[in-house]
Amino acid sequence: MRILTRLGLLLVLIAAVVAWPSPAEAEPVCTQTDPWSGGCTVWVEIPGKPGTPGTPPDDGPKDTGSGESCYWDPVGHGGVGKAGPIPCETENGYWSNELACYITRLDPQPPPGDSSWQGHEPGDGAVYTCYQPQTDIGIWVWFANPPPSSGTGPTPREVAEIAIDSMQLEAIRIGIVPEPGPDRVGLVGMPVWMWAETPDEKTYGPTTASASLGGITITATARTHRITWNMGDGTTVVCRSAGTPYEERFGRQPSPTCGHVYERTSADQPGQKYTVTATSDWVIDWSGAGQTGTIRLNGLSRSVAITVGEAQVLVN
C-alpha cells in the first residue's frame, strides 16, 4: 500500500539531503506542491515501525561497598591461615598490612644497649612488639615513628578506585543514523540506529588495571554493563550491547540490537534538533587483600544533536 506523505516546510528545504544513506533514506521526490503550505508533496513508502527496546530494571551486579581495610595474606608467611579481612584492633595492638602483624609500643621500653634498639639510643624512636597471631610469632622491632595503622585506610575500594582512575574510562563515541550535521535529517516513523562507534578498552571495555596503597594491592576489571540512550523526545532506550553499526545493505530495517523510532518532529526543540545522550553504565569487579567486590560506575555521557523532519501522513 502506498501512503501519501506531505512533508512540512522544514523537510522541503532539506529533502534533498536525507540523513539515511541510500537506500535507507526516504527518497522524497517532489511531484507536486501543496496548495496550503506551499510545501512539496511526495509519495513515500513507510516501512513497518521497528520495535523499540524497553527499559528493563537494573538486574546487574550490586555495589558491594568498601571492603575491609585490614587483611591477612598468607603469601610469604608460610601459607598459614586463609586470606581475608581481620580485626583492625585486638588486645595485641593495631594491625599493619605492610608488616602483617599487630603493633603495640613496649611499655616499659627496653634498657639502653638492648639489641632490640638496633644501635639506637632511648628517645630516638621506640621499640614495638610485632605479633602475628596466625603464626603465633612475636618480635621486638625498633621504629623511628609509629607504623601506620591499616584501620585508618585505605580500604580495598579506595585502592580499586585508584586502579579505575588509571583506566581513563570514557563515554562511548556515538554512532547514530540519522547522522548529526547541518545537512542531515531523519524522518518521523523511520528507524533510528544507535551504536558505540569503534568501541575500545576505554570506551566500552573490558580493561584491567592494578593499584597498590597502604599494603593493599587491588586488581580491577571494568566492562560496560549497558548503555542508556536519552533520545531527547522523552524516551529512554536501554541497550545491553555496543549496538549494530548501520550499513546501506540494511535498508529500512530496524536495528536488531539498539534502535528507536521518533513519533514527532524535532521542530519544537532547541535548534530544531533532538539532543541524544548516551550514558555508559560500567561494572568493575575488583579482587585483592583476600577479598572481592564490585563497583558500579555511571555517568560517562556524550551527546549529539539530530534533526527529525515533520511528516504528516494522509491515507490515500
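User: Why is Cys239 called buried?

Analyst: Buried means under 20% relative accessible area, exposed over 50%, partly exposed in between (1.4 Å probe, protein chains only). Cys239 has 1% relative accessibility, so Cys239 counts as buried. Cys258 is also at 1% and is therefore buried. The model is predicted: local features need pLDDT of at least 70, side-chain atom pairs count only at pLDDT 80 or more, and totals for chains, interfaces and linings use all residues. Residues are numbered from 1 along each chain as its sequence is written, and side-chain values use heavy atoms, with hydrogens and water left out.

User: What makes Cys239 and Cys258 a disulfide?

Analyst: The term requires a pair of cysteine sulfur atoms within 2.5 Å. In Cys239 and Cys258 the sulfur atoms are 2.1 Å apart, so the pair meets the definition. The link is right-handed, with 80° about the S-S bond. Cys239 is in strand β16 and Cys258 in the loop between β16 and β17, 19 residues apart. Strands here are DSSP runs (E, at least two residues), numbered from the N terminus.

User: How many disulfides does the structure hold?

Analyst: There are 3. Another joins Cys101 to Cys130, S to S 1.9 Å, and is left-handed at -110°. Cys70 and Cys88 form a disulfide too, with sulfur atoms 2.0 Å apart. Cys70 lies in the loop between β3 and β4 and Cys88 in the loop between β5 and β6, so this pair ties together parts that are 18 residues apart in sequence.

User: How do you know that the side chain of Ser255 makes a polar contact with the backbone nitrogen of Cys258?

Analyst: A polar contact is a pair of N or O atoms within 3.5 Å; within protein, one must be able to donate a hydrogen and the other to accept it, and residues adjacent in sequence count only if both atoms are side-chain atoms. The side chain of Ser255 reaches the backbone nitrogen of Cys258 at 2.9 Å, and the backbone nitrogen of Thr257 lies 3.2 Å from a polar atom of that side chain. Ser255 is in the loop between β16 (236-239) and β17 (259-261).

User: Is Ser255 buried or exposed?

Analyst: Buried, because its relative accessibility is 11%.

Notes: Helices (H or I, at least four residues) and strands (E, at least two) are DSSP runs, numbered from the N terminus.
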